[in-house]
Each structure stands twice: as structure tokens, then as C-alpha cells.
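Please keep the sequence and the model in view while reading.

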Amino acid sequence: MQKISARALLAGLKEIPEGEDTQVTTVVADSRRLLPGCVFVCFKGARADGHDFAALAIQRDAAFVVAEHPVEGVPEKQLVLVDSTLHAMVTMAANYRAQFSPVVVGVTGSVGKTTTKEFCYAVFSDFGETLKTEGNQNNEIGMPNTLFRLEDSTRYAVVEMGMSALGEISRLTRAARPSVGIITCIGVSHLEHLGSRENILKAKLELCEGMEPGSPLVLNADDEYLWGAQLPGHVRPVWVGLYNQKADIRAEEIRTMPRGTAFVICHQGHRLPAFIPTVGRHNVYNALLAYGAATALGLSPARAAAALERYETTGMRQRLVQAGDVTVMEDCYNASPDSMRAAFAAMAELPAARRCALLGDMLELGQVSEEAHRQAGRLAAEAGVALLVCYGPQSALTAEEARRAGVEQVFHCDTPDQAAEVLQQQLRAGDLLLAKASRSMKLEDILQKYYQMTGTADR
């Protein structure tokens, strides 16, 4: 973060007399990161309340403390009293972002946000210094932290925006002010909170509220909810797809290669060869969205297509690792019915003696949870899975349905140790194992136990 005057950063939150203005060095919410001249924001977490550390922040020369109530040891002069520290964080991010003029790429959607963000980073980095959201820090704390990393030298910023309720993306996008927006798809993630896919669509379209008239909005033309949506009139839609012949940008001749996926981008009468170092048609969509964002802003189509090859897998998103004679597709970062279907499709494109799967619960699905988990069992059977290991209470339904659908070997495990033992006992040389579940199921712990058991722990 570059230094910024307190008056500019706290505009709309606290009046700073001109003679008392000071330079703020950074904004932090973690008491372990306190620095002289910082603004300390108090958040109430599940394990700790930031207000308990407010006096400590002052003792360590914080310039201001943002809090939801007065705190003993914090002088009124240095207290920024607000109704919501979350909203205050976004306001400060908006004020800080206003000091700079980067091209901002706003990315949202039910599935594929983070992967699409990484494809955007690969492409835009080829044209200039690019900032991106780290990991999936896309909420009302994480996205402001991304904006606080802007500097004068930043030419492009790829900003991921997530949500769990209506109104959240509206606040985030008004702070980020995207030059181009991307909506990956409308799935059933967060259905538990929003109630319907129509409401999810409404929430994702809030992205447009921070965009200037005429700004391009890149959308998946094969998504029925997006294709049929009433889009805001001030944005310029750019459609990408594999099947919809009316899409502005299409991918053809898709081929799975030893190191990834090759395809041809069809755009404005041109046919551009492209390669991405990952597998699965869902990743071709993600690549097209990034390409569409770059070219909609006037960047070179050929150069943007070539830059897709620079994409790097992050975290545990379809990362292929070799555990002895077994290939493991680590896809443990998140899961939904849409991404589960895509993962099985990607697995089907890879060579294997047998296809196997380690599946855990998919969370936040509300009333569709039972059917979604049963569907996962049917998908496993359709994908030709020979060995299925399930972990988690909801995944008992997956195991039950998989047995009914004819999967040869099905195990439901109550503990990570039990699941790892089954993998160690049942996997054979030449097998391909897909591991997928919602993040909080921590399938990576099961995999690490399995790697240790097989002497392949250096993953």
C-alpha cells in the first residue's frame, strides 16, 4: 500500500481537520501486523474480537482504529466509529482505489471465479504490470485488501468478487469500479442463502453497478440463465461459448494433449490457435472469458490467445500429481454440482487403467443438497468410476446412489484416517484418482495421509 492521507482514506467515515491530517501507511485487521501509522479495523470473528486489540493498536502507534463501539484506551480523536466495520473496509478501499487509474477486471460467477481470475492474470500480465486477488480473497475483507495493494505502477488489476447474500457484490463493485466485467456462470452455490438461481443471477449482475456506460461484460453464452437474462442497458455484452452459434467468441477443435488442452479460438473471422496447461472443457470456458475480457478492451487477439499458455494452477484446483504409480487429480478447493460434473468430464479425458474418486460433501446447497449428492453418485457411475471412496455425512447419499448405479467398489468412511486406509489398500498402479469436495471437508488431509502411507509424501 502506498501512503495516503487520512482525510482521503477515511472520507465518508470521519472528518479529519485539515491541520490534523496525517499519512496512513497501511490498513490491517490482524493485530500481529500492526505498524506505526496504520489504520486498524476491528472485526468480530468466530474466535476473536478485534475490538479486544484496539488499545494495543494505539499503543503501537496506529493512526486510527475503526470500530463499531467506543473502546477504552482509544482516544476519540483516533477512533473511527461506524455501524459496520465490513462496510467501512469497503469504503476505505473505494477511497484508496480512487487515487489510481488501473484497468480493473471484475470477476464473479457461481463456479470458476478463481480459475478465470488466474487466466486473466496470465493474459493481462503479458501486456503490463498486473495485480490479482490472492487465493480466493473475494469478500468484503479480502477484496479491499486486494485494492490496498494498488500502486502507481499497476496497469491492470484482476479483482475477484464473491458473495453469500444480495447486495454484497454491489458494494464491492462500486469500490473496484471495473473497466470490464466477467460472469462465469449461474450455478447453485449459495442456494441455501439466496433461495433460487434467479436470485443468484440477480446477485451476480450487481457486478454491473460499478461499471461505466459502454463497459464490456463478458458472459458464458452456453449458460441458460445468463443467455436469457435481462442485462443492464449500460453494459456491452460479449458472449463466449463452445456450443451457442451466436456467441461472439467460440472454441472449436478442442483436443486433450499430454500437457493440457489445445483448441482454436474463433473470433471476428479469425481462427487463433490456443493451448492451456490444464484439462477439461470447463477450463476452456474460463480461458475464453479471459481472452474475451482482454480483446474487448482492445488488446491484441493473437497475443492474448498465446498468453493463455502462461496460466498456472493455484491451490488444489485440478492439480495433477504423481503418487507412485497412481495419478491424483487434486481438486479439493471447492465443490458444487456444476464443478463436480466438470471434474468428472475432465477426468474422462485423461488416460487411466481405472478411474477412481474420493468425494466429500458439497456445502451450502440448501434444499437441493440431497439430490445433488445423489447425482454425484450417478455421475461417478456414468464416468466409469471403478472405485469410489466417500467421506462426510451427505456423501453417504453419494455412496448409496453410486452402488445403485453400478459402481463396482464403493466405500463410505467416517474419518480421514479410514478414508486414507481404503485408498492405500484399494488403489492400484495405473489408477487415476479424482479428489473433490467443498473446502471445509479438507480432503487434502486425507490425501496427505495416503501419500505418507505410500511413501510419496513430498507433494
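A residue is called buried when its relative accessible area is under 20%, exposed when it is over 50%, and partly exposed in between (1.4 Å probe, protein chains only). The model is predicted, so local features need pLDDT of at least 70, side-chain atom pairs count only at pLDDT 80 or more, and totals for chains, interfaces and linings use all residues. Residues are numbered from 1 along each chain as its sequence is written, and side-chain values use heavy atoms, with hydrogens and water left out.

- H51 is buried, because its relative accessibility is 4%.
- The loop between β4 (39-41) and α2 (54-59) holds H51; helices (H or I, at least four residues) and strands (E, at least two) are DSSP runs numbered from the N terminus.
- Leaving aside residues up to four places away in sequence, H51 has contacts with C42, K44, A67, E68, H69 and V71, where contact means heavy atoms within 4.5 Å.

**Aromatic pairs**
- Rings of Phe, Tyr and Trp (its six-membered ring) pair if their centres lie within 6.5 Å; planes under 30 degrees apart count as stacked, over 60 as edge-to-face and the rest as tilted.
- By this rule there are 6 aromatic pairs.
- F124 and Y156 form a tilted pair, because their ring centres are 5.1 Å apart and their planes are at 50°.
- This pair joins distant parts of the chain, with F124 in helix α4 (residues 113-124) and Y156 in strand β9 (residues 156-160), 32 residues apart.
- F124 and Y156 are both buried.
- Ring pairs also connect Y96, F100 and F148 into a cluster.
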